[in-house]
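Subject: Structure for your files, with notes

Dear colleague,

Here is the structure I said I would pass on. My notes on it follow below.

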Amino acid sequence: MTGTTSQTPETPLGTQASAPGGLVKDVVTLDRVVIRLAGDSGDGMQLTGNRFTSETASLGNDVSTLPNFPAEIRAPTGTLPGVSSFQLHFADHDIMTPGDAPDVLVAMNPAALKANLADLPGGGLLIVDSDEFTARNLAKVGYAANPLEDGSLEGWQLVSVPLTSMTTDALADSGLGKKEAERSKNMFTLGLLSWMYHRPTEGTIRFLERQFRKKPEIAAANIAAFRAGFNYGETTEAFAVSYEIKPAPMAPGTYRNISGNQALAYGLVAAGVRSGLPVFLGAYPITPASDVLHELSKHKAFGVRTYQAEDEIAGIGAALGASFGGALGVTTTSGPGVALKSETVGLAVMTELPLVIVDVQRGGPSTGLPTKTEQSDLLQAMFGRNGEAPVPVVAPRSPADCFDAALEAARIALTYRTPVFLLSDGYLANGAEPWSVPDSGSLPDLRVEFATEPNGTDAAGDPVFLPYLRDPETLARPWAVPGTKALQHRIGGLEKADGTGNISYDPANHDHMTRMRQAKVDGIAASLPPTEVDDPDGDATVLVIGWGSTYGPIGAACRRIRRSGRSIAQVHLRHVNPLPADLGEIIRSYDRVVCPEMNLGQLSLLLRAEYLVDVQSHTQVRGLPFRAAELAAVLQGVIDSTSTSTSAPTTASEVTP
């Protein structure tokens, strides 16, 4: 098993545990482990993984997860397209990714084994449900012989366990039928893993009691299966060793395990509280953004209102209408939905109203890969509208960072009276990590001042309201709540006359207003903090720059390179439009700049155009995050080529696989 190991001198269960019958079991300490649970999409792998993650986070380990599941609601049972998996990396130190490959693979059927075995390094621990390796199930995935019996798995530590029959035996007196009892085998598996890695059991039992409170017989069956799995680990000779991963050092505070979609929803709730505005979400359900709608619907007590619209266009239209009415309007979607919303985004640009557009990116084009991750909507967010319609773009870098990114998107929208794109993705949305719950008083003050009285005079000298009279610092126009006395004004998609907001077709005015809207977005850069450059030794010649969810793999790759004695610098962008004011100077100070992206080089294109620097693009569009080891090898190659020759710049094609 990967990681530093040692015999634990003292553990909560002791260095040796005596099971009934006198069996003595050793406890081995690891510094980290990666577990992948894989099975049919109906086997409950996501629930099992989430419960193990929650208990692991409660023990104080650093955690990172990678759920991976089919787009179909119920893919064909026992087939390769129907395999669902959940990978969990936990450690006694700070980690940045869910791990490149599992140390332990739990395969609930032949399809899960075939789909995932190539990722398990030689010597890794392989736990399989032997009951599912029937002739019919083997034939479904093309196995000519049973791999549990033909010697093909000799390169791994194979532990064959009859999980299904042991579960049904444990529930023989539950009153459930055989099929119903078999559905609890994921809890038997969770119990076994909880014993193997010394996870607490009380939290899972409370969860099951709460989850099935209306069906107490189902709750009792799942709890019985969970306990049976735990007891099996203690008593069986198949597992002579259990493992312990000590808590990771963390700053004092209150922590909870959180997914990216949860964190994003909480950030929007916090933005409403800190601005004093009601939050209105207009959304149409779409994978992988729907959980934001689900979570926000629970928080009416904080002034949040959610509206499940009949389509994407209605969702954003309602959100923009709420902004016109004085609320913080939000709409959530994924790539195909952004395409449908584009006309209303342009309307928000023209009316200059605050609006947060959350795009949880997924594989495309068209409906593409609904449950897989990608970063391919950047250029759509930047330019996917008719006319000159600039929109700020903000991108979180980790699941927990989705909270802060949501607050930042709201700050920009409210301060500058503009729609803002918040680009998350499926990896962040479904992944989870520990989150330090902030003190509400430490969050930014987002209060706004609505227009309450006329701000100009007409030709006769009488007071009037000028809806496009701008703040000299932010260039934002005043925000007047409809119905405010004497502040009636025009709104709509036709070009506005400067100041008055009257419809105007004047060429000079259109040129002026177009440049003014662009200048307003460009001016946001002045409010951004200095760009953080991670260059510990200060002597790196290669800079790797990224945005969004590539932060973890890039950071892990840089750590590998530095451990080998080489230097590399890292910059990660939260603000993609406008780019930070100091970024050009930073980029030009390095000999080579490499930009890894889960697209075909969209940020690289923008950086090259903006700074006229040969940014080298390294890309993949596999629906999965980068692997740190592969990325480190690419970056190492760039460093080596830079040290041997600086006269012949490497082209993008030489870096991209």
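In these notes, contact means heavy atoms within 4.5 Å. Please keep in mind throughout that this is a predicted model.

**A helix pair: α11 and α12**

By that criterion, Glu312, Ile313, Gly315, Ile316, Gly317 and Leu320 of α11 meet Gly337, Leu340, Lys341, Thr344, Val345, Leu347, Ala348 and Thr351 of α12. Sorted by class, this contact of α11 with α12 holds seven nonpolar, five polar and two charged residues.

Two packed helices are described by the angle between their axes and the distance between the axes. Helix α11 covers residues 312-324 and helix α12 residues 335-351; they pack at an angle of about 25 degrees, and their axes are 8 Å apart. Angles under 35 degrees count as roughly parallel, and α11 and α12 are therefore roughly parallel to each other. Their crossing is right-handed.

**The parallel sheet and its helices**

Strands of a sheet pair through backbone hydrogen bonds, either parallel or antiparallel. An open sheet is formed by four strands in the order β22-β21-β24-β25, with parallel pairing. At its edges are β22 (569-573) and β25 (616-619), each of which pairs on one side only. From one strand to the next, the twist averages 25 degrees.

Within this sheet, strand β21 (residues 542-547) is joined to strand β24 (residues 592-597) by three bridges, and the two run parallel. Leucine 543 stands opposite valine 593 of β24.

Two helices lie across these strands. Helix α19 (residues 602-611) lies across β21, β22, β24 and β25, and runs at about 145 degrees to β24. Helix α20 (residues 628-644) lies across β21, β24 and β25, at about 165 degrees to β24.

**Strand β5 and serine 64**

Seven of the seven residues of β5 are buried, so the strand is largely enclosed by the rest of the structure. In a regular strand the side chains alternate between the two faces of the sheet. In β5, Asp62, Ser64, Leu66 and Asn68 point one way, while Val63, Thr65 and Pro67 point the other way. Seven bridges join β5 to strand β6 (residues 83-91), and the two run antiparallel.

Serine 64 belongs to β5 (residues 62-68). Its relative accessibility is 9%, so serine 64 counts as buried. Leaving aside residues up to four places away in sequence, serine 64 touches Gln87, Leu88, His89, Ile95, Thr97, Pro98 and Ala432.

**Serine 259**

Serine 259 is in strand β11 (residues 255-259). With a relative accessibility of 15%, serine 259 counts as buried. With residues up to four places away in sequence again left out, serine 259 touches Pro399, Leu428, Ala429, Gly431 and Ala432. Serine 259 is 147 residues from alanine 112 in sequence, and their C-alpha atoms are 25 Å apart in space.

In α7, the buried residues include Gly203, Thr204, Ile205, Phe207 and Leu208. The buried residues of this helix pack against α1 (45-58), α6 and α8 (216-235). Histidine 198 is in the loop between α6 (185-196) and α7 (202-211). At 14% relative accessibility, histidine 198 counts as buried.

**Backbone points to check**

Most residues other than glycine have a negative phi, and most peptide bonds are trans. Histidine 198 has a positive phi, near 55 degrees. Leucine 475 also has a positive phi, of about 65 degrees, without being a glycine. Leucine 475 is in the loop between β20 (463-464) and α16 (507-522).

- Threonine 287 to proline 288 is cis, with omega near 5 degrees. Proline 288 is in the loop between β12 (279-283) and α10 (290-296).
- Glycine 364 to proline 365 is cis, with omega near 5 degrees. Proline 365 is in the loop between β15 (355-361) and α13 (378-383).

Regards

Notes. Residues numbered from 1 in each chain as written. Predicted model: local features only at pLDDT ≥ 70, side-chain atom pairs only at ≥ 80, totals over all residues. Heavy atoms only, no water. Axes fitted to C-alpha atoms, helices over the stretch in contact; angles between N-to-C directions. Parallel < 35°, antiparallel > 145°, perpendicular 65-115°, else oblique. Left-handed = near helix turned anticlockwise from the far one by under 90°. Nonpolar A, V, L, I, M, F, W, Y, C, P; charged D, E, K, R; others polar. Pairing = 2+ DSSP bridges. Buried < 20%, exposed > 50% of the residue type's maximum accessible area, 1.4 Å probe, protein only.
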